[in-house]
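Please read these notes with the model open beside you. They are numbered so that each can be checked on its own.

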Amino acid sequence: MSMIKVLAVASEIHPLIKTGGLADVVGALPGALKRYDVAVTTVIPGYPAVLAANEKWETVAKLPSFFGGRTTIKRGAANGLNLFVVDAPHLFNRPGNPYTDKDGRDWLDNPQRYGALSSAAAEICHGLVADYRPDIVHVHDWQAALTLAYLNYAEGPRPKSVITVHNLAFQGQYPRSILGSLALPQRSFSVEGVEYYGMIGFLKAGLHFADRITTVSPRYATEIQTAEAGMGLEGLLAGRSDVLSGIVNGIDDSEWNPATDTKLAVNYDAKSLAKRAGNREALEKRFGLDHDNSPLFCLVSRLTWQKGIDIMAETVPHLVAHGARFALLGSGDKELEGIFRQATYQYPGRVGAVFGFDEALSHLMFGGGDMTLVPSRFEPCGLTQLYGLRYGCIPVVARVGGLSDTIVDANDAALTLKAATGVQFQPITGAMLQEGISRAIALYRDKTVWQAMQKRGMGLDLSWTSRASAYAKLYKDLLK
Ligand code: ADP
């Protein structure tokens with residue numbers, strides 16, 4: 001079979017520009033899809049970090065007056081990724097975080113910035129670049145979703161389309177008055193178009209027009225069809241359930257492998273679990289924790305309501321009372337930081353915290369900790385539980401979204417079947433988190449059971465190489 005040409009559209013791509021899991025997926029999929037005869041080219045905004053990634057961009061199209069300024073489409077490769085860059089300095093030549101100014105406020109022209117990204121992608125689908133036409137356009141999240149509206153209201157044949165939702169909490173909703181500035185026709189403002197609760201909904205439009213919708217786990221695909229998790233879009237999503245499915249994210253095996261990870265104090269594999277003690281000692285020193293044999297619970301996260309960090313804060317006294325230790329690495333909500341800082345004073349040697357974003361320390365935590373805690377209220381996929389599995393740091397997770405799909409709870413049946421890989425709790429309350437922690441501590445005391453669980457998790461194939469096959473199948477089905 002000949003190669004399938006996929007045009008991906010996204011606002012971030014690892015390793016060029018990243019604020020979250022979206023960038024990881026967009027950056028990892030093209031490489032992983034090659035073996036399935038899928039050739040991906042990604043349309044990305046010309047942020048300074050993107051333009052700096054290649055010295056010899058080729059200009060393949062010129063748009064003299066595009067969303068208020070001179071724009072060129074550049075083509076080239078960076079870090080093995082094939083890219084079309086929307087070089088619109090008036091929109092994207094701004095350093096730092098792609099979405100916000102240096103004080104953390106959203107850029108006021110974000111709808112026009114991502115309207116421009118989407119409009120450029122639609123034009124590429126229609127032949128803007130002389131020798132390129134995709135078979136499929138695959139848009140990610142609200143920033144790229146409007147591509148499918150531009151395609152719908154333009155003349156000419158359209159490629160098949162896929163939209164992937166990485167987090168339904170971000171929808172891109174703006175007042176009707178900006179419709180003209182997005183260069184969309186007035187007739188697009190309807191329920192059968194971009195209209196969403198009286199406003200313009202970027203994500204809504206993408207979900208409405210896409211041939212296929214995916215989320216980053218099957219369970220999340222089901223949850224978002226309900227009022228509890230649908231965030232206003234449950235009706236539309238339930239109405240499109242026949243084209244909606246979930247594909248769990250993978251992890252990058254070259255970065256996340258305890259046998260070769262240079263960020264660990266000591267490397268190990270499933271046959272040398274005892275060596276994890278070296279990483280644990282490094283963690284004890286870094287977090288100011290006692291050196292003993294009690295279980296060490298770790299949590300690496302943005303500190304936000306979504307992640308259930310307030311529930312965790314409530315549960316710290318219980319964890320300490322049961323003889324365990326707790327290490328937190330996180331940044332975000334200042335009030336939550338304060339609560340954990342207080343806990344480190346209250347329980348010296350038992351509770352430690354580092355505030356900030358520290359990639360290297362996060363690796364050490366999975367490599368030396370005993371349990372990875374993930375008490376999220378909702379979780380489209382979640383990555384830290386996957387790192388926990390890969391590193392033998394047993395996940396203790398809320399039973400929601402991707403956490404539910406990727407962890408097998410150590411209940412009696414699963415233990416008998418030798419299938420358990422972690423502990424799940426629900427509903428997501430302090431009391432149930434306490435119960436999950438107690439259960440994990442009891443399992444930890446049985447070294448045979450515990451090590452069997454560690455080895456089972458470490459033996460799972462969590463790589464993008466295998467996960468990409470599900471996307472390849474989706475593309476092939478679409479073209480049938
Ligand atoms: P989300 O994308 O909602 O934040 P995920 O679990 O999908 O949640 O991805 C979060 C990623 O960011 C993981 O790779 C996690 O290890 C990493 N991470 C989160 N907070 C920190 C931190 N403070 N320091 C280092 N890495 C972090």
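1. Glutamate 284 is buried, because its relative accessible area is 5%. Buried means under 20% relative accessible area, exposed means over 50%, and partly exposed lies in between (1.4 Å probe, protein chains only). Glutamate 284 sits in helix H11 (residues 276-287). Helices (H or I, at least four residues) and strands (E, at least two) are DSSP runs, numbered from the N terminus.

2. A word on the basis. This is a predicted model, in which local features need pLDDT of at least 70 and side-chain atom pairs count only at pLDDT 80 or more, while totals for chains, interfaces and linings use all residues. Residues are numbered from 1 along each chain as its sequence is written, and side-chain values use heavy atoms, with hydrogens and water left out.

3. Tyrosine 153 also deserves a look. It is placed in the loop between helix H6 (147-152) and strand E7 (160-165). Tyrosine 153 counts as buried because its relative accessibility is 17%. Arginine 187 is 34 residues away along the chain, yet the two C-alpha atoms are separated by 9.1 Å.

4. Now the ligand. Which residues come nearest to the ligand? Of the 16 residues around it, they are Arg302, Lys307, Gly356, Asp358 and Leu383. Near means that a heavy atom of the residue lies within 4 Å of the molecule or strand. By class, the shell holds five nonpolar, seven polar and four charged residues. Here Ala, Val, Leu, Ile, Met, Phe, Trp, Tyr, Cys and Pro count as nonpolar, Asp, Glu, Lys and Arg as charged, and the others, Gly among them, as polar.

5. Lysine 307 has a side-chain N or O atom 2.9 Å from a ligand oxygen. Glycine 356 has a backbone N or O atom 2.8 Å from a ligand nitrogen. Aspartate 358 places a polar backbone atom 3.0 Å from a nitrogen atom of the ligand. On its own the ligand has 560 Å² of accessible area, and the protein covers 88% of that. Areas come from the Shrake-Rupley method with a 1.4 Å probe; for residues, only the protein chains shown count as cover.

6. Strand E13 (296-303), strand E14 (325-332), helix H14 (359-368) and helix H15 (384-391) each supply at least two shell residues. E13 gives the most, with three.

7. Helix H18 (residues 430-445) passes a length check. Its 16 residues should span 22 Å at 1.5 Å a residue, and the end C-alpha atoms are 23 Å apart, which agrees. The expected span is 1.5 Å times one less than the number of residues. Buried positions in H18 include Leu433, Ile437, Ala440 and Tyr444. On the other side of H18, Ala431 and Arg445 are exposed.

8. Two cis peptide bonds need a check. One runs from histidine 14 to proline 15, with omega near 10°. Proline 15 is in the loop between strand E1 (4-9) and helix H1 (21-33). Another runs from glutamine 426 to proline 427, with omega near -5°. Most residues other than glycine have a negative phi, and most peptide bonds are trans.

9. Methionine 231 has a positive phi, near 50°. Methionine 231 is partly exposed, because its relative accessible area is 34%. Lysine 418 has a positive phi of about 55°. Lysine 418 counts as exposed at 61% relative accessibility.

Key. A polar contact is a pair of N or O atoms within 3.5 Å; within protein, one must be able to donate a hydrogen and the other to accept it, and residues adjacent in sequence count only if both atoms are side-chain atoms.
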